[in-house]
Amino acid sequence: LAQEAFCSAQDDLAWCHLFGSMVKMVKSKFSVDPSLEAKMHQYQIVGRAAPTNKNPTPKIYRMRIFARNVVLAKSRFWYFMKRLNKAKKSGGELLAVNELFDTSPTKVKNYGIWLRYDSRTNTHNMYKEFRNININGAVGQLYQEMAGRHRADPGSIQIIHAATVKDENCRREHVLEMHDKGLKFPIIRKVPHTIKKLRTTFKAKRPNTFVR
């Protein structure tokens, strides 16, 4: 029995080495496109139209923009500025560009997002709720859901407001079901199969198919 156990351990070790080498080969052969792993970032951008003789002190605007990088955030800022007061990038100036971070990025929170998007037929207002550890992840979920469920183009989505929502103020069913204090999840990782020579058709005791 000891010799059989030693042989099985050697076989498992050999399979582990083989599997590890296969994973390294796959990783070296296929490179992941970084654009597919891009995450959303939150930026605070302050800007205004360029001062002129007619208006030496133009109104200053501060916006909270969600984008994948600072270049897209600036572009989005000037998109809204052109709609607000006809100020373009060539005829305006940026006063500050800062990235914002959550104060508690390790705690799961409820996020409510108010948005407007253009469909193929009309413009729609919408409110959605998500659960995530930070607001950037919630906005990323929003874009994924809008693309899959509503076929919305990312450029047509305008986020009006995004904020944390208390448990008692949540409205969406998929968020409310996560508020149960006694919520439990089964461990669905199965126990690895035994080697072939140790398998039997019948067992004296009921086998455990899940990790305890």
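**Close-up views of a predicted model**

**View 1. L100 sits in strand β3.** Helices (H or I, at least four residues) and strands (E, at least two) are DSSP runs, numbered from the N terminus. The model is predicted: local features need pLDDT of at least 70, side-chain atom pairs count only at pLDDT 80 or more, and totals for chains, interfaces and linings use all residues. Residues are numbered from 1 along each chain as its sequence is written, and side-chain values use heavy atoms, with hydrogens and water left out. L100 has 25% relative accessibility, so it counts as partly exposed. The classes are buried (under 20% relative accessible area), exposed (over 50%) and partly exposed (in between), with a 1.4 Å probe and protein chains only. L100 touches Q42, Q44 and R64, leaving aside residues up to four places away in sequence. Contact here means heavy atoms within 4.5 Å. H41 is 59 residues from L100 in sequence, yet the two C-alpha atoms are 7.9 Å apart in space.

**View 2. Three strands build an open sheet in the order β2-β1-β3.** The pairing is antiparallel. Two strands pair if DSSP finds at least two bridges between them. Strands β2 and β3 are at the edges; each has a single partner strand, so one side of each lacks a neighbour in the sheet. On average, neighbouring strands of this sheet are turned by 25° against each other, direction ignored. Axes are lines fitted to C-alpha atoms, for helices over the stretch in contact; angles run from 0 to 180 degrees between N-to-C directions. Eight bridges join β1 and β3 in the antiparallel sense. Y43 stands opposite E99 in β3. Helix α2 lies across β1, β2 and β3, at about 135° to β2. Helix α3 also packs on the sheet, touching β1 and β2, and its direction makes about 70° with that of β2.

**View 3. A salt bridge joins E93 and R48.** The N to O distance between the side chains is 2.5 Å. E93 belongs to strand β3 (residues 92–100) and R48 to strand β1 (residues 41–49). The pair links distant parts of the chain, 45 residues apart. A salt bridge is a side-chain nitrogen of Lys or Arg within 4 Å of a carboxyl oxygen of Asp or Glu. Side chains of opposite charge can pair when their charged atoms come close. E93 is partly exposed, because its relative accessibility is 26%. R48, at 19%, counts as buried. The structure holds three salt bridges.

**View 4. K128 and E145 meet in a salt bridge.** The side chains are 2.7 Å apart, N to O. K128 lies in strand β5 (residues 123–132) and E145 in helix α3 (residues 135–149), so the pair ties together parts that are 17 residues apart in sequence. K128 is buried at 10% relative accessibility. E145 also forms a salt bridge with R149, where the closest N and O atoms are 3.3 Å apart. E145 and R149 are four residues apart in helix α3, so about one helical turn separates them. R149 is exposed, with a relative accessible area of 61%. Shared partners join K128, E145 and R149 into one network of salt bridges.

**View 5. An open sheet of three strands has the order β5-β4-β6.** Its pairing is antiparallel. Strands β5 and β6 (157–165) are the edge strands, and each pairs on one side only. The twist averages 20° from one strand to the next. Strand β4 (residues 109–118) pairs with β5 over ten bridges, in the antiparallel sense. Y117 stands opposite H124 in β5. Helix α3 packs on the sheet and touches β4, β5 and β6; its direction makes about 130° with that of β5.

**View 6. The largest pocket has a volume of about 1000 Å³.** On a 1 Å grid over the protein atoms alone, a pocket is an open set of points where a 1.4 Å probe fits, with protein on both sides within 12 Å along at least five of seven lines; lining residues have an atom within 4 Å of a point. Grid points are joined across faces, edges and corners, and a volume is the space filled by probe spheres set on the points. The lining counts 35 residues, of which M40, F66, A67, R68 and Y143 are the closest to the pocket centre. Elements β2 (60–67), α2 (70–85), α3 and β6 each supply at least two lining residues. Helix α3 gives the largest share, seven residues.
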